[in-house]
Amino acid sequence: MKYVVRLLPIAYMAAIWIMSSLPSNHFVELPNSGLDRSIKESLHLIEFAILYVLLVLAFLTRGRTFTMGLNALCAVIAGLYGLTDEIHQSFYAYRSASWFDLLKDVTGIAVCFYFIRGALFKGKFVGLGKVLGWVRKV
């Protein structure tokens, strides 16, 4: 099980890379173009936050101490991958890259970082801390 958890961030990064190479309407396009755009733009807030969480989960399965520095490293890796994704999208005529999209990516990461840091290092968010503790034991 722990090896599956460790491979999830890599598989997710590959999925992001592939989806960034495709037009934004490749998988789904809602009839209301304004709503379609709003939903897809809001996905930036969670897309790289998910990557950050998957990285944390993967590192928690190592059986070693998960430090604040390692937690920050997970956030930095997710953020840098967000930057890489924006650069990657700039090479496709049907995609766009923007600093605002990167800001949304980092905002999502920062929110998850707040909760995970609180759960693992500050004694807050006890339920989340229990879940993360369970992952350590996998």
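Student: Why are H1 and H3 called roughly antiparallel to each other?

Tutor: The axes of helix H1 (residues 2-20) and helix H3 (residues 44-60) cross at roughly 155° and come within 7 Å. Angles over 145 degrees count as roughly antiparallel, under 35 as roughly parallel, 65 to 115 as roughly perpendicular and the rest as oblique, so H1 and H3 are roughly antiparallel. Axes are lines fitted to C-alpha atoms over the stretch in contact, with angles from 0 to 180 degrees between N-to-C directions. Helices are DSSP runs (H or I) of at least four residues, strands (E) of at least two, numbered from the N terminus.

Tutor: Before we go on, this is a predicted model, in which local features need pLDDT of at least 70 and side-chain atom pairs 80 or more, while totals for chains, interfaces and linings use all residues. Residues are numbered from 1 along each chain as its sequence is written, and side-chain values use heavy atoms, without hydrogens or water.

Student: What makes H1 and H4 roughly parallel?

Tutor: Their axes cross at roughly 25° and come within 10 Å. That angle falls under the parallel limit, so H1 and H4 are roughly parallel to each other.

Student: Which residues meet there?

Tutor: Met13, Ile16, Trp17 and Ser20 of H1 meet Tyr81, Thr84, Asp85, His88 and Gln89 of H4, where contact means heavy atoms within 4.5 Å.

Student: Is His88 buried or exposed, and how do you know?

Tutor: Buried means under 20% relative accessible area, exposed over 50%, and partly exposed in between, using a 1.4 Å probe and protein chains only. His88 has 7% relative accessibility, so His88 counts as buried. His88 lies in helix H4 (residues 68-89) and touches Trp17, Ser20 and Ser21, leaving aside residues up to four places away in sequence.

Student: What makes the pair His88 and Ser21 a polar contact?

Tutor: A polar contact is a pair of N or O atoms within 3.5 Å, one able to donate a hydrogen and the other to accept it; residues adjacent in sequence count only if both atoms are side-chain atoms. The side chains of His88 and Ser21 make such a contact at 3.3 Å.
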